[in-house]
Amino acid sequence: MADTSNLQGYKMYYSYSADMSGKTLACETGDATATTLACTNVDITQYPVYFTISAVMSDGSERTSTAEEKKLSTIPAVPHNVTVVSSTP
């Protein structure tokens, strides 16, 4: 994002569809300077899982890549640097 003056934070969503239909909020931060997000509630019982990150502006709106930018990039079908942690001890 070129203009970050009204940036409030970030939200990461996941979906089982490459077009992100039916997306679910995975995690969010209100830290505009954050460089990482730790998401602990992503349901990986289905796959592939697709991710997108939105910038949250001070008015509550969210900004993501434009359709043209998405055409030029590849959405990873398999996330990298993922740690799967059991919910039972």
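Cross-links and side-chain pairs in a predicted model

In this predicted model, the count of disulfides comes to 1.

User: Which residue does the disulfide join to Cys27?
Analyst: Cys27 belongs to strand E2, which covers residues 24–29, and its partner sits in the loop between E2 and strand E3, so the pair links distant parts of the chain, 12 residues apart. The sulfur atoms lie 1.9 Å from each other, within the 2.5 Å cut-off, and therefore the pair qualifies as a disulfide. The residue joined to Cys27 is Cys39.

User: Is Cys27 buried, partly exposed or exposed?
Analyst: Buried means under 20% relative accessible area, and Cys39, at 25%, counts as partly exposed. Cys27 has a relative accessibility of 10%, and it therefore counts as buried.

User: Which side chain meets that of Glu62 in a salt bridge?
Analyst: The count of salt bridges comes to 1, with an N to O distance of 3.3 Å. Glu62 lies in strand E4 and its partner in strand E1, so the pair ties together parts that are 51 residues apart in sequence. The side chain that meets Glu62 is that of Lys11.

User: With which side chain does the side chain of Ser54 make a polar contact?
Analyst: Ser54 lies in strand E3 and is buried, with a relative accessible area of 1%. Beyond four places in sequence, Ser54 touches residues including Gly9, Tyr10, Lys11 and Glu62. The polar contact, at 3.4 Å, is with the side chain of Glu62.

Notes
Residues are numbered from 1 along each chain as its sequence is written. This is a predicted model: local features need pLDDT of at least 70, side-chain atom pairs count only at pLDDT 80 or more; totals for chains, interfaces and linings use all residues. Side-chain values use heavy atoms; hydrogens and water are left out. Helices (H or I, at least four residues) and strands (E, at least two) are DSSP runs, numbered from the N terminus. Buried means under 20% relative accessible area, exposed over 50%, partly exposed in between (1.4 Å probe, protein chains only). A polar contact is a pair of N or O atoms within 3.5 Å; within protein, one must be able to donate a hydrogen and the other to accept it, and residues adjacent in sequence count only if both atoms are side-chain atoms. Contact means heavy atoms within 4.5 Å. A salt bridge is a side-chain nitrogen of Lys or Arg within 4 Å of a carboxyl oxygen of Asp or Glu.
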